[in-house]
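Here's a quick tour of a protein model for anyone just getting started. Take a look at the structure first, then read on.

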Amino acid sequence: ILLAAVLAAFVAKSSAFAFSPLAGPLNALQRKWAAQSAFPPRQCGGFESACPRSAPWTVSLQMGPRRLDHSSFSLMDPSNVEMVSLNERMNLVRTHTRPSKTIQQVWVGNRGEDATGFEDESALASSEKKLLRKLRERMADGNSPKSKAKCHKSEHQSRMEQERLREKLALRGKTSPPLDMGDIEVRSNIVKHNRRSKAGARGRAVRPAFKHQQRNSSPTSSPVATREHPEWSTSSAGAPSMPRSLSSFNNLAQLVDVLEPVLASSADISAEDAVGAMNRVRRLAKRGMDSGLYGRQAALMRKLSTVVLKRMDTMQGKLLSLAVNAVAEMKGNDIWMEAAAKRAISVVTESKQAGMDMQAVAVTLNGFARAGIRDEELFSVLGAEACRKASEDPEAFGSQSVSVIVNAFAKLRVTDSELFERMAGVAMLIPPEEFSAQSVANILNAYARNEEMHEPLMVYMSAVVRALEPAQYQARHLAVSVNAYAKLNVVDGELLAYLQSAILARPPSAFDAQAIANILNGFAKLQGEEVSVALLEHMSSAIVRTPLKYFDPTSLASMLNALVKTQYVDAEEPWRKLAEVARKIDPLLFDGQAVSTVLHAFAKADRFDRALFDRLALTVGEMQFVLEAQSVALILNACAKVDYRNPALLKHLSLVARQLPRDSFSAQHVDNIVNCLARLGVKDRALFEHMASVALELPPREFDAQAVAVTMNAFAKNMGQERVAHNVFAFFSADVLPELPAAELSPTSVSVMLNALAKTEIRDMRMVRQLCRTMLGDGPAGLDHFDARNIASVLHALATLHVTEPEIVQRLLRRLIREDAATMAAEEVAIIAWSTAVLDVHDAAVIDWLLRGLSVHLPDMDDNFRRQAHQFVLACELDGVISGVDELRAKLQSSQDHGVVTHSRLQKDVARVLAEMGLEFLEEYVDERSGY
């Protein structure tokens, strides 16, 4: 709290701070650098500058959840990082954070013209001031830990940077080129931006190659003065103009060099030229670029988009769609995209005949989907336009246009049943040979994501999938197709066999983590334990071959869940690899669902790894508001299955569960949570009371027979003598059981409910009679479906509660004697014997059955069950039963050991009271005949 107050005071005096709580989606952002957009990017050893001592780098101050120490601060290397402005950075923080009680990170901005500076640091502690001062010194020295050697420039390198700057200024027409440059390094005309060294393979971009050239001192022969691209023209006034053919540029650096002077000049650029330039820059940027071009490329795209924005009102359908396609993935494009949406709506509504063709509609929708902008009005208008065109000329649609349109709606979760219905009809008119693997995968994925089940389309698409050659599919196409049919729960044997053969034809290295997860999860959902062993082994090999860095918590959880569903739990290699991934993956990437699924899968597979559970327990301990009722229930269930007792974890989960709203729980959540606590022996009174209040507010119809039985059993174990158990049992008796169909009850659930009443000594005759009527009926819970364990449990409950229902007792005993006592467990026979003695059963056939059964199992009984057998013998002797009793008594006496007499607390209390009353008594009396 103190640290938060200090930082709050600090931020009030500095606008260059943004706070980010602990959040999985921010993990990548926590490792990123950012700089104010007002400054050009400074790259150590790069083209832009010579890394001056006052370089406005950004420092990431990462704080732990407990305290602030020197080791938690880091100065990161800004190389190969896209430069974003402070406002953009703060927007990212606001958009992708989740609530938390602790500040995890402070972003310190640069000290440029729009920064306030840090002169007033009175709110900081002395240790923080000292650390911040050290970080500034390192920044000023350019002493980045990862690139220390790169920031110390020689005199020759510094002069080279200055000459490069002069060269750029000369190209922009701001100054004349130098007359005498001497031997300097200049950039090669051909730069291989995608070239990677070993260092580049680890994530650092490789700088373009440089080579020595000798420049002539003559200004007319200088390559700087005469350098022109063959497609670069100049206006009559000498100012540079747009290239005549942008498609001739295959190098991004060359294109940027050409376009920058054009935009810096006063040349009039048309919307067509600007849109063409943006799309060419975007296409070349996708091929890869040197880190030094990030800032220049971003600035160029912003300027071009501004040109297009000024001419937005004059743009027509096709050009507008191309502009949207180019700007879609730009940062800070909200205003531009809003204007484009209004223009697209205007184009379609004002002139339907010459507005937008089918391709323009598809490209526009795809652009907004890529930008993640869910403009419902735009999608409604363009969706209606697509439906109109589908009605007028369905043959004008191709597989690609259909796939792009439905995929755009699905990506943004925009629901339009009419559109999906029309697109399904159009798709079924396209011949199978005109489909590509990409369009097939996109169509299936779109209908699955929007949960638009169109059975005729699924049947047709199954034929289309099988019509294509397996070699046409990439691994991701196969994975998406399997996942789509699984989401829609469409079981097509021929299709699954074809997809399986296509998957097996691919090498394991062709599948990434997401594809493996989708394939395993899809086949597990559709085929369960019947999934082919060959497919499981193939995917297991792919898991083992996938490097650790390519896994994420979601794919990890999906793989584990699928392996459990298919019962593929005996293979050591994939489970060992996934355990290693779970231990080493960044904990900040986990969300509640992923961490709970991982723990539950390892527990269900009976693969307890203490190191793994300890690590994930710490991860869960840092979560609070992201944990939901389902996650809490799964984590507790995993702990109960492997008997993992972590007091700190259990306390944290209890706190989280009690803070969750009551309406966020279902009946299944309640029974899972209380049952796991009971199995772990955790008597958390506060949590049980909260779960009781949740149960009492749930609709009675939400509880099934299993939920009622499990909940009653858990409350009986942990809260047997507490009022809260009585309240829950009364609610079940009065409101839930009368609404529960008899077909949902089973012998196990009936016996568990009766035993819960017996443990708590709650003699609820309404519930008892209802359960007895169910047992006497012909349903699934009828006596004909009971086994020996169920019979023993019910008889014990009836005896404990002193329930004398002759009909149910007689029917239970008649069902009992049909069983072979020798095949039953010893404790079951002992419990039945004690119960018949308490219920005063005199049926000779039952007694004879019990005497034979006790004679067989007596050697295997412990002392507790021997006492129950002894009490049955005493009851028989009191009733005058002689045959077989003497033999059983002899066996009991031969093995009986009275041992040392012990006094219970009740005995001691009675003895004290009698002594105070002055009465004489014997403290212990042993009956010679019975041995008691």
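Two residues are in contact when they have heavy atoms within 4.5 Å of each other. With that in hand, here's something about this predicted model: among contacts between residues at least 6 apart in sequence, 76% join residues at least 24 apart.

**The whole chain**

The chain runs to 932 residues, and buried ones make up 52% of them. You'll find 40 helices and six strands along the way. The accessible surface comes to about 44,800 Å², with 49% of that belonging to carbon and sulfur atoms.

How confident is the predictor? The average pLDDT is 77, and 73% of the residues score at least 70. Residues 13–124 have a pLDDT below 50, though this stretch still has 256 contacts in the model beyond near neighbours in sequence. Residues 171–237 are also below 50, and that stretch has 111 such contacts.

| Helix | Residues | Length | End-to-end C-alpha distance |
|---|---|---|---|
| α7 | 252–264 | 13 residues | 18 Å |
| α14 | 399–411 | 13 residues | 18 Å |

Why does the span of α14 make sense? At 1.5 Å a residue, its 13 residues should span 18 Å, so the 18 Å between its end C-alpha atoms agrees.

Start with α7, where 11 of the 13 residues are buried. Among them are Leu252, Leu255 and Val258, along with Asp257 and Glu260. At the start of this helix, a side-chain oxygen of Asn251 comes to within 2.9 Å of the backbone nitrogen of Ala253.

Now for α14, which is mostly covered too, with 11 of its 13 residues buried. The buried set includes Val402, Ile405, Val406 and Phe409, plus Asn407. What do the buried residues of α14 pack against? Their partners are α12 (358–371), α13 (376–392), α15 (417–427) and α16 (437–449). Just after α14, Arg413 takes a positive phi of about 60°.

**Into the core**

The largest nonpolar core has 266 residues. Which residues have the most contacts inside it? They are Ile405, Met423, Phe703 and Phe715. Ile405 is one of the buried residues of α14.

Technical notes: Residues numbered from 1 in each chain as written. Predicted model: local features only at pLDDT ≥ 70, side-chain atom pairs only at ≥ 80, totals over all residues. Heavy atoms only, no water. Helix = DSSP H or I, 4+ residues; strand = E, 2+ residues; numbered from the N terminus. Expected span 1.5 Å × (residues − 1). Buried < 20%, exposed > 50% of the residue type's maximum accessible area, 1.4 Å probe, protein only. Core = buried A, V, L, I, M, F, W, Y, C linked by side-chain atoms within 4.5 Å. Areas by Shrake-Rupley, 256 points an atom, 1.4 Å probe, with all protein chains shown as cover. Polar contact = N/O pair within 3.5 Å; in protein donor to acceptor, adjacent residues only side chain to side chain. pLDDT = per-residue confidence, 0-100.
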